[in-house]
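Please read them with the structure open.

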Amino acid sequence: MKHDTVLVLDFGSPDAQKIAKNLRLNHFYTEVLPYTAKDVDSRKPKALILSDGSRSDLLPDLSIWDLGIPILAIGKTAESICKQLHIPPNYSEGELAPASKEPTLFCLHELDFDLIQDFIHRCKLQPTWTPEAFIHESIDQVQKQVKSDTVILGLSGGVDSSVVAALLHKAIGDKLIPIFVDNGCMRYEEAKRVKEYFACMPELDIRFVDASELFYSKLKGVEDPEKKRKIIGGTFIDVFEAEAAKYPDARWLAQGTIYSDVIESIGADGKSTQVKSHHNVGGLPETMKLSLMEPIRNLFKDEVRRVGLSLGLPSELIDRHPFPGPGLAVRILGEVNPQRVHTLQLVDEIFIRELRAWDLYHSTWQAFAVLLPLRSTGVRDGKRTYESVCALRAVNSEDAMSASVTRLPYEFLEHVSSLIIKEVRQVNRVVFDISSKPPATIEWE
Ligand code: XMP
């Protein structure tokens, strides 16, 4: 089905993504392009929205006026457009009105989702964008693209790659080879948990590769965080390539790239940005000669979740907090070795288990434990101890670019701290991180 498309031109603020998410939630297919975009007409939009933002004084390509479609300009961008067209900016707060002399132009004083909905209704668009429609169309597209080839997928246990697995399995069945590589820095009993999550799809044959020994041997004695990242990224590629080579008829590599990655790596100016480059741990070399398949690259995270639920994946998997590619290695300060990983896994597991038990897991965007390269004194069973310190972190965020501390109840923190020290002998002190991002980052590294 061809969906009626709304295009949002990003003039340099998070508003563009917010508008797109809101419209998609209301089933209107919406894309975000940089304000410098020259190929607006190739998307055949039925409506155009010019967001407010730091680049509002810079004007979009004039060809947008030849499209003959309704255009909504917001905030400072609306002012600039009126100036460009020599029409008075006579729109007022809380009102959506066509600009005088220019019936296809509407202006808004500021971002207002209700008024944006009014605009969309005036455009008479069809709300056809639903998870079910997406699944149906993607299956069709993947089947046409893949024919009888085999597709390899790196399955991490995170939401994105899991949804890709479920979607591709529905499309091509056992022509999908999902590979789960245990790098020794995963969460507690992660492989077992992934098996449980996918118990609803027993026909999905996940290949589990335990490469933890190899990762530990390479990480031995390494303390520098960047070096750890490089080692883990490089070793992951080696292991994955060796596994993929077992399937000589494989022609495709599926990845869980999502729409925010696509937009944020372009930026409002249309130039590529580096913000997220260090996160692409799974980036595989071109020598693999596999063609890339990114079936969810058009979806925002919330849409990925809705598609996952609609495909029958369990909500505990779909609602999981984000987890970094290099895993616990960025949460173990100092050397990563099996003992320290095990300690952190136990601590993290208690923290997460208790967050769920206290019904707090969803009141925070991301929560985890960090193992510090410090020891402190304590008392256990009447004897002095000299053991590790761990930190707990819980943050609220929308896009991970900034984050504030989640104000977990004191009773809960005290309870978890006691439980951790009681159950994990290697830890005798627990602290709670109250730093915002910026200036701190979310992970400690
Ligand atoms: P920072 O520490 O940069 O983290 O504030 C921002 C968010 O990104 C996650 N993160 C990663 N995610 N691969 C990922 O897929 C990575 O290498 C990586 N490093 C950090 C982090 O958990 C937080 O949600």
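**Notes on the predicted model**

1. Start with arginine 320. Its side chain makes a polar contact of 3.2 Å with the side chain of tyrosine 197. A polar contact of 2.8 Å links the side chains of arginine 320 and glutamate 190. Bear in mind that this is a predicted model.

2. Where does arginine 320 sit? Its place is the loop between helix H11 (315-318) and H12. Is arginine 320 buried or exposed? Its relative accessible area is 5%. That value makes arginine 320 buried, because the cut-off for burial is under 20%.

3. The surroundings of arginine 320 deserve a look. Neighbours within four places in sequence are set aside here. The residues in contact with arginine 320 are then Gly157, Val159, Arg187, Glu190, Arg193, Tyr197, Arg305 and Tyr361. Glu190 and Tyr197 on that list are the partners in the 2.8 Å and 3.2 Å polar contacts.

4. Next, helix H12. This helix covers residues 338-357, 20 residues in total. From first C-alpha to last, H12 reaches 28 Å. That is close to the 28 Å expected at 1.5 Å a residue. Check the backbone at aspartate 359, which follows H12. The phi of aspartate 359 is positive, near 60 degrees.

5. Now the domains. The assignment gives domain 1 (5-123), domain 2 (131-318) and domain 3 (331-432). The C-alpha centres of domain 2 and domain 3 are 28 Å apart. In the contacts between them, 15 residues of domain 2 meet 14 residues of domain 3.

6. Turn to the sheet. Six strands make an open sheet with mixed pairing. Their order is S2-S1-S3-S4-S6-S5. From one strand to the next, the twist averages 30 degrees.

7. Look at the S1-S2 pair in detail. Strand S1 (residues 5-10) runs parallel to S2, and six bridges join them. Aspartate 10 is placed opposite proline 34 in S2.

8. Last, the helix over the sheet. Helix H1 (residues 15-25) lies across S1, S2, strand S3 (47-50) and strand S4 (71-74). The helix H1 runs at about 165 degrees to S2.

Methods. Residues are numbered from 1 along each chain as its sequence is written. This is a predicted model: local features need pLDDT of at least 70, side-chain atom pairs count only at pLDDT 80 or more; totals for chains, interfaces and linings use all residues. Side-chain values use heavy atoms; hydrogens and water are left out. Two strands pair if DSSP finds at least two bridges between them. Helices (H or I, at least four residues) and strands (E, at least two) are DSSP runs, numbered from the N terminus. Axes are lines fitted to C-alpha atoms, for helices over the stretch in contact, and angles run from 0 to 180 degrees between N-to-C directions. Contact means heavy atoms within 4.5 Å. The expected span of a helix is 1.5 Å times one less than its number of residues. Buried means under 20% relative accessible area, exposed over 50%, partly exposed in between (1.4 Å probe, protein chains only). A polar contact is a pair of N or O atoms within 3.5 Å; within protein, one must be able to donate a hydrogen and the other to accept it, and residues adjacent in sequence count only if both atoms are side-chain atoms. Domain bounds come from an automatic or database domain assignment.
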